[in-house]
Amino acid sequence: MRLHRTRARTRDAASAARTRRRTGILAAVGALVAAVAIGSTAGAQAATSEGLLCQTDPHQTFSLSARTGYISTPDGNSIFMWGYGMSSGRFQLPGPVLCVTSGQPVTVILHNELPEATSMVFPGQSAVKADGNPAQPQFDSGGSLTSMVQPAAATNGSVTYTFTAGSPGTYLYSSGTDVTKQQQMGLYGALVVRPAGTAGQVNDRADSAFSPQHEYVFLLSEVDPDVHLAVERSQPVDWSAYNARYYLINGRSMPDTLAPNNATWLPSQPYGALVHIKPYDPVSNPLPAVIRYVNAGRVSYPFHPHGSDERVVNKDGHALQGTSSTAPQDLSYLKYDIDVMPGQTVDALMDWRDVEHWNATTNPIPTQLPAITDQLLVGADTWFSESPYLGTQGTFPSNITVNNECGEYYHVAHSHALQQATNYGAAFGGMMTVFRIDPPAGCPTS
């Protein structure tokens, strides 16, 4: 389910203010409605509707174009952006997730359709070359640094970058030219480097194995629409007045984060952010999910899932382990609130364990449950269970619409800097999503 959208470009402050007043309450209600409605749709989606969508190539060669475009926000705004997209495709935010193999050569060809020079940098990758030569910073005639590497000229320039993929893990790639402006405008994406021969691991350690069907990227960022309006109008940007209003996961804000990958109503924002798993089982479901956090913003984002610790196994593309060459000590750790610093990446394993082994017959809930109408209603006739006890559905009054498919459990995950969990100040929104845990037997697929 999705709120009716009114597309209105952020043309001036007064128009934006009217839009915020009109949609603020609807956005808050719609976030909850969208969260519950996903329960009746996610099971019917194809495998690619959730989780990581990798851009791969047998020669690890990628042709990207820097373009202009627009993204939608749940409160009705449409914001002018810059972004990387596949040269054979369209503008998108964030850029394609490039998946490569550690130790193998990578080539990225950048075509520039923007009205000013731009470039790409690959933090964590060594010996990056531009068009065959070591990538060098660029300076203007006054000696000021304008680009950290060779850029592609405005309008139709191009540049080719080559490097050997580094240690396994997750990395940010982004503009290396006029970084404050161009990264804010949307020139960023994620690079996933897989271990050679063991693609189902985060790093070279066997204890970093994850379920390939449950791999997720959370690329975190923020938008000040006034900056984007100034760039759209070719006006100077007043950085002293910078004030982020939208906070994004994979280029979307809540409730759009819950929509499937490649949702037709979000043509420029292809990546969803719903995590969908089953409880841990040593036989039928032994491997955890992996969530790859990437910060493309200006500040730290303390990401906070309700109800689950996550095991941090990698930071900035490096395994958390000791220095011994024979048996390096495991230095991974459980964390309930994951602070992702600007430019940082964090890879975390996540599973959900039914520690109380609830069963309606043999191990019932030890306390008296309140009446259905005292639990959680959306409006007067729609019910949604947030109970952490997985099981089967009971009997409901005939006037109640039930959004849980089969006894699944949802818990919210969001930035714990709560202003980042809003859309232009209206909660619930922004940097927020939902983790869905299905019963062991799964849910209906149709």
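Predicted model: local features only at pLDDT ≥ 70, side-chain atom pairs only at ≥ 80, totals over all residues.

Student: Are glutamate 215 and arginine 292 buried or exposed?

Tutor: Both glutamate 215 and arginine 292 are buried. Their side chains also meet in a salt bridge, at 3.0 Å from N to O. That term stands for a side-chain nitrogen of Lys or Arg within 4 Å of a carboxyl oxygen of Asp or Glu.

Student: Which parts of the chain does that pair link?

Tutor: Distant ones: glutamate 215 lies in strand β14 and arginine 292 in strand β17 (residues 289-295), 77 residues apart. Strands here are DSSP runs of E, at least two residues long, numbered from the N terminus.

Student: How many salt bridges are there by this rule?

Tutor: The count comes to 8. Another one joins glutamate 215 to arginine 194, with the closest N and O atoms 3.0 Å apart. Here too distant parts of the chain are linked, since arginine 194 belongs to strand β13 (residues 188-194) and glutamate 215 to β14 (residues 215-223), 21 residues apart. Relative accessible area is 7% for glutamate 215 and 15% for arginine 194, so both count as buried.

Student: What do the salt bridges that share partners join into one network?

Tutor: Arg194, Glu215, Arg292 and Asp347. For another pair, look at arginine 205 and aspartate 207, whose closest N and O atoms are 2.8 Å apart in a salt bridge. Arginine 205 is buried at 16%, while aspartate 207 is partly exposed at 43%.

Student: Back to β13: why is β13 largely enclosed?

Tutor: Because 7 of its 7 residues are buried, β13 is largely enclosed by the rest of the structure. Both faces are covered, with Tyr188, Ala190, Val192 and Arg194 on one side and Gly189, Leu191 and Val193 on the other.

Student: And which strands pair with β13?

Tutor: Two strands pair if DSSP finds at least two bridges between them. Strand β5 (residues 97-101) pairs with β13 in the parallel sense over 4 bridges, with valine 100 opposite valine 193. Strand β12 (residues 169-174) pairs with β13 in the antiparallel sense over 6 bridges, and there tyrosine 171 has leucine 191 as its bridge partner.

Technical notes. Residues numbered from 1 in each chain as written. Heavy atoms only, no water. Buried < 20%, exposed > 50% of the residue type's maximum accessible area, 1.4 Å probe, protein only.
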